[in-house]
Amino acid sequence: MGNERRWRWWRFFIVMGVAVAGFLFPSSSASQQEQLMEPQPVVSRIAFGSCAHQDAPQPIWNSIINFDPHVFIWLGDNIYGDIRRPFKLLGRERTVGPWKNVPRFVPSSKQEMMLKYNKGKTIPGYSRLRQRTKVIGVWDDHDYGLNDAGKEFTEKVTNQKLLLDFLEEPLDSPRRKQHGVYASYMFGPIGKQIKVILLDTRYHRDPLFSDGTILGTAQWTWLERELKGPESAVTIIGSSIQVISNLSANTRPLFYLESWGRFPEERDLLFKLIADSKRKGVFFISGDVHFGEISRYDCAIDYPLFDITSSGLTQAVERVVPGPLQFLVRFLAWLTPSTMRVMKSKCRYKSCTFGQPNFGVVEIDWGATPVIIKMEVRDTNGLAVLGVNVPLSLLRPGNREYLSSNNTGEYQRHCLLEVQLGWIVRYRLAILFYSTLTLLLLALLGIAYVATLACRTCVRKCKRD
């Protein structure tokens, strides 16, 4: 009996001692909970970009720093890790044409990829940005390891670690244990929260022309959970390839661009998932194509979906031609039909595309009534070249004002997909190209014929003389 009483007293003192120790020396988990309960700062400025070749000058970081973003988002091709062979029509190694016998792009070794990632990470302008701004991101094909590659690429596991090291992802991050680099983040206080969902469009993607999957089963399950999770005022979905635009429908057979439109069933599934989630404030940001563009689709869900494309920080279509010929690139951009492109916006050029180095910004005016989202593509000097202001109230399910205006036909041109255009309109770029090529060939034949006649006349005259 006495032993039992003594044990009760000992147990009482032990419990009291643990309680006092917990009060004086709180555990790390308690400290983490207190930190999570601290008010989160408001995020109102987000910058994003893609396609930055580590060997090219990158003065654009100065303008990004001057924008003073709270968050910067990489959308892929953060470096160019694969090796590009030169164009060769003839010779032992032919890289282009129907007779090519070697691939144009080949992967680098692990050591070469590490060197390229380190070079990109230590560029002075980007280093300054990393010191003052939260940096997140995903990859596209060239930093994945091979141009246009998907799930068949054998070095994806190794290169996933290199990308996460480049992004300074914590060693205990779930991204280091999963297959693929998809991730989500929540920024800002309640009522002004911004959810950023970053998709991996490479690790699980089936081959092009297969109309298979882009995300893979596990990532689709994760994405559904993220969209149906806690609400946020704004949801930004980052995709390395364009979601809304599908210019390949109008540029083939001359060339193809990667996009969700190349996988129509997957894109329909994505739109259905967003619609079923009833999530408000959703829009996309994307990269990859080496030009800037803002696209819009009004018939996917019951409010308009926007896609702001920024590409690239160094790589741009106008950079591949001499300065005097850049007007031809702008003319072809204007000639290429696009039913999804936003034309009624602040555009520097008539085509409402921008083929010089650029970065994208999302700026949210939380103090305005209604809240305004400014979506822009900016040039190397930080000046807006494309832009549109969208009331946040427009991006909500069941918006009667939007639905009624949509019925009037005001937005009808943003409901017609490129693949639904008449064949003459769809292929007018190819028609122009092949017609011009035919005329040039006929002109050359004409010149050759005239030259032949002149030579014969000259020969005959010489014989008579």
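## Close-up views of a predicted model

**View 1. Strand β5 at the second largest pocket.** β5 gives the most to the lining of the second largest pocket, contributing 3 residues. The model shown here and in the other views is predicted. The second largest pocket holds about 290 Å³ of space. Its lining counts 14 residues, and those closest to the centre are Lys-134, Val-135, Ile-136, Glu-169 and Tyr-185. By class, the lining has 7 nonpolar, 2 polar and 5 charged residues.

**View 2. Helix α3 packed on helix α5.** Helix α5 also meets α3 (residues 60–67). The two axes lie 8 Å apart, at an angle of about 20°. Angles under 35 degrees count as roughly parallel, so α3 is roughly parallel to α5. The crossing of α3 past α5 is left-handed. From α3, the contact takes in Trp-61, Asn-62, Ile-64 and Ile-65. From α5, it takes in Gly-125, Tyr-126, Arg-128, Leu-129 and Arg-132. This contact of α3 with α5 divides into 5 nonpolar, 2 polar and 2 charged residues.

**View 3. The cavity lined by Trp-61 and Tyr-126, among others**. A search of the whole structure finds 1 cavity of 30 Å³ or more. About 40 Å³ of space lies in the largest cavity. Trp-61 and Tyr-126, which take part in the contact of α3 with α5, are among the residues that line this cavity. The rest of the lining consists of Ala-52, Gln-58, Trp-74, Asn-78, Gly-120, Ile-123 and Phe-166. By class, the lining of the largest cavity has 6 nonpolar, 3 polar and no charged residues.

**View 4. Helix α8 packed on helix α10.** The axes of α8 (residues 217–227) and α10 (residues 264–277) come within 9 Å. They cross at roughly 30°. This angle, too, is under 35 degrees, so α8 is roughly parallel to α10. α8 passes α10 in a right-handed crossing, whereas α3 passes α5 in a left-handed one. On the α8 side, Trp-220, Leu-223, Glu-224 and Leu-227 make the contact. On the α10 side, their partners are Glu-266, Leu-269, Leu-270, Leu-273, Ile-274 and Ser-277. The residues of this contact of α8 with α10 divide into 7 nonpolar, 1 polar and 2 charged.

Terms used
Residues numbered from 1 in each chain as written. Predicted model: local features only at pLDDT ≥ 70, side-chain atom pairs only at ≥ 80, totals over all residues. Heavy atoms only, no water. Axes fitted to C-alpha atoms, helices over the stretch in contact; angles between N-to-C directions. Helix = DSSP H or I, 4+ residues; strand = E, 2+ residues; numbered from the N terminus. Parallel < 35°, antiparallel > 145°, perpendicular 65-115°, else oblique. Left-handed = near helix turned anticlockwise from the far one by under 90°. Contact = heavy atoms within 4.5 Å. Nonpolar A, V, L, I, M, F, W, Y, C, P; charged D, E, K, R; others polar. 1 Å grid on protein atoms, 1.4 Å probe; cavity = no way out; pocket = protein on both sides within 12 Å on 5 of 7 lines; lining within 4 Å. Points joined across faces, edges and corners; volume = space filled by probe spheres on them.
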